Amino acid sequence: MMKKRLFASFAATALVAASMVATTGVAQAAPRTVTVWSPYQGANLDMWNAAIKRIEAANPGLTVKSVGNIDMAKSLAAINAGNGPDISVSNGNGNLGWFCGSGAWQKLNTLVAGKDGIDMKTTFNAAAVASSISNNNRCALPLYSEIFAFYWNKDLLAKAGYTTPPKTTTDLLAYSQKLTTFNSDGSIKTAGFVPWAGYYGFDMDSMWLGQMFGAKWYGGDRNSAFASDVKWAKAFNWQKDFIAKVYGGGNFDKGSKLLTKFVAARGGEWGTDHDFMTGRVAMKWDANWMAPMFCTGDDWTMAEKCTAKLNFGIAGFPVSPDNLSAYGSGVVGQGQMGISKGSKNVKDAWIVMKALATDTKLAAAWDAANGAPSSLLAKEARPANQPTWYLPIYDVANNPKSAYHIVKNTGEHLEEALLQNLMASWQAGDTANIKSALSDLAEKVNQIISRNS
Amino acid sequence: MSQARVIASSPFKKKGELAPPRRKLKTPWLFIFLCMSPWLFGIIFFTAYPMISSFYQSFTKFNLIESPKWVGLENFHRMFFEDSDFWQALKNTVWISVISIPLRIAFAMFTAWVLTKPKRGRNIYRTIFFLPSMVPAVAATMAFTYIFNPAYGPINRMLEAIGIKEPPFWFLDPKWSKWGLILLGLWGIGDTMIIFLAGLLDVPTSLYEAASLEGASGWQSFRYITLPLMTPVIFFSTVTGVIGSFQYFTQAYVASGQVNDYSHSMYFYATHIYFSAFRAYEMGYASALAWVLLVITLLCTLVILKTQKRWVHYPNGSLFK
């Protein structure tokens, strides 16, 4: 009996001790915390934080610290200093090559392909899948999209006898010739279309030009294709021919001078005196976030019915006749997020990032508020809650030929700025030989990439 | 030293009493150090350390994310033999220095001379001429890109009104954009003008009176009295002008952004440093550029200092013997 009592008391003591050890073990486990820095503010940050709350609810024990109003420059500085967040968000994908190439964002190839990974192709649209990769490395997941499409003034085109937007670059030239009018002193009064680098500040005209002609930014050898892809020279020659024929009566220098003056007199970009709103220009390239302004005048919120006098339509870019299969497409970029170098909790960071990228509630709320379609395929084509006039944006976003160009580590997407400089120099008549200039440009871009690799 | 003299020089001692031996005072090093510490802190952490750090970085490849990698003289080789933007930026910078410094000096001296003339309301005129130099560079540049706009700017309207059929496109034309910046600089000449005005007012009027009695013309008075006596001011303005023009940035950066200067006609050396550091994220290369800029500026300043003996006239002898 005594032995039994002794054994029972020993067993009880051992159990208590074991449970204490176990409890202490739980208490000592590292807290699972993931820090997310984003550039969002106000209502957008609220939506973002609501999604983060959902993630925390679905993952007991996981705490996500969300900090808004932090741009990538600040994030990069912190990452460099070793006290960056686990996840950082960039508003666009132009800098992805830099974030990936410099190692600021970690490679996600293994995580994406792993057991808890994502089937990118069935989850996101084609443009998003392609534009979140750099140098064959995926180091980002896409968020919402930014769509660059073709805007046309329906009333002005109707007056010229057109009921549909131009489909090809040939059409665009013909339309413009009909739509362009001149003042008595010979200056341009209204323009059909202005293929001019720097017409409006936020236009990346050279990128749109390349998309129209299906020109590639990089070749199979991973080098710049500005020289090797003849479509670039073709695109620039088309631009020059367009300026000469539409604005110079066949004389390029005359057209260039007239356009310089016309562009100098452009109305403000962010209000009712925008050239597209005043009818000074009939057709133009622009971003999806300009559409609400064109619709309402100076109110940037999405309206069911347009209240501005402007009667406009949205379509894909006109394309060169040998690139007809790309008609309907545009340039589509994405917000991106990545796991920072130095993150001590990659496993949990991946859980959070994957959940944010695939959260359909967040995507829907974001789209409803900003008219910025998510990259998620699940809800994409023509959502019912957006006004009819805006829906062509979704067609452009989901066109399989819509894309951002391949990004490489060129610092702050310097290849775009360099190409834009060349376009400006060419349109001003300062570059005589486009093939040679494109060749020099390609060499310069290759040098930058080589230095950064 | 005699005893009497020691006593005489000690006002607190009675006559005939010997002064006690002087105690050797301790230098209050701690107090001196404490007084100097704000300056010392500033010079060590905000000048010396960044300079040493950037000197080291100029021999490295450093992208802000990865640790700097030693590349020896590669950055300097690239600068001189591979980087066409470096030469473009240097060319533009030299152009603006060579054209703007003499123009600024001449214009400042002329304006100052004009301001010595009015008998009434002198201070009002001086204030009016000085005011533009107080306008922030960004605001002034934005205003200039507006008034020089070829389509609606008042300048071209005026030029057209006086019969110039095709006035320049100013900031929109690579051939004219730098002239727009020169005019902007001349408009804000107030700070230099004030120094010239002080110099002109410092010329003794007796010299002009004597010259007048000798029958000197206005030009001769200027050539043989005013100009020589103004050479120290001209020298000072030249040195500060060279240093300033090699660091020319704000106006060019703002104007370039306003008109989308894709042709790089307003791309200056400081802009190249900025773009290399904060667009290309090549901190090592940007540091190398900055050190070369320092050497260029130093050489130019030394050349001016060396030549000043030949043309700068100090009434009381040279400051730099």
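## Salt bridges across the chain

In this predicted model, the side chains of Asp322(A) and Lys234(A) meet in a salt bridge at 2.6 Å, N to O, the term denoting a side-chain nitrogen of Lys or Arg within 4 Å of a carboxyl oxygen of Asp or Glu. Because Asp322(A) lies in the loop between strands S10 (312-315) and S11 (331-339) of chain A, and Lys234(A) in helix H11 (residues 230-247) of chain A, the pair ties together parts 88 residues apart in sequence. Helices (H or I, at least four residues) and strands (E, at least two) are DSSP runs numbered from the N terminus.

Over all chains, the whole structure holds 11 salt bridges, and one network of them links Arg451(A), Arg78(B) and Glu282(B).

Strand S1 (residues 32-37) of chain A runs parallel to strand S2 (residues 62-67) of chain A, joined by 6 bridges; strands count as paired if DSSP finds at least two bridges between them. In S2(A), Val67(A) is the bridge partner of Trp37(A), while in S3(A) Trp37(A) stands opposite Ser88(A).

A salt bridge of 2.9 Å, N to O, joins the side chains of Arg32(A) and Asp348(A). Asp348(A) is in helix H15 (residues 346-357) of chain A and Arg32(A) in strand S1 of chain A, so this pair connects parts 316 residues apart in sequence. Asp348(A) is buried at 6% relative accessibility (buried being under 20% relative accessible area, exposed over 50%, partly exposed in between, with a 1.4 Å probe and protein chains only), whereas Arg32(A) is partly exposed at 30%.

## Basis of the values

Residues are numbered from 1 along each chain as its sequence is written, and chains are lettered from A in the order in which they are written. Local features need pLDDT of at least 70 and side-chain atom pairs count only at pLDDT 80 or more, while totals for chains, interfaces and linings use all residues, and side-chain values use heavy atoms, without hydrogens and water.
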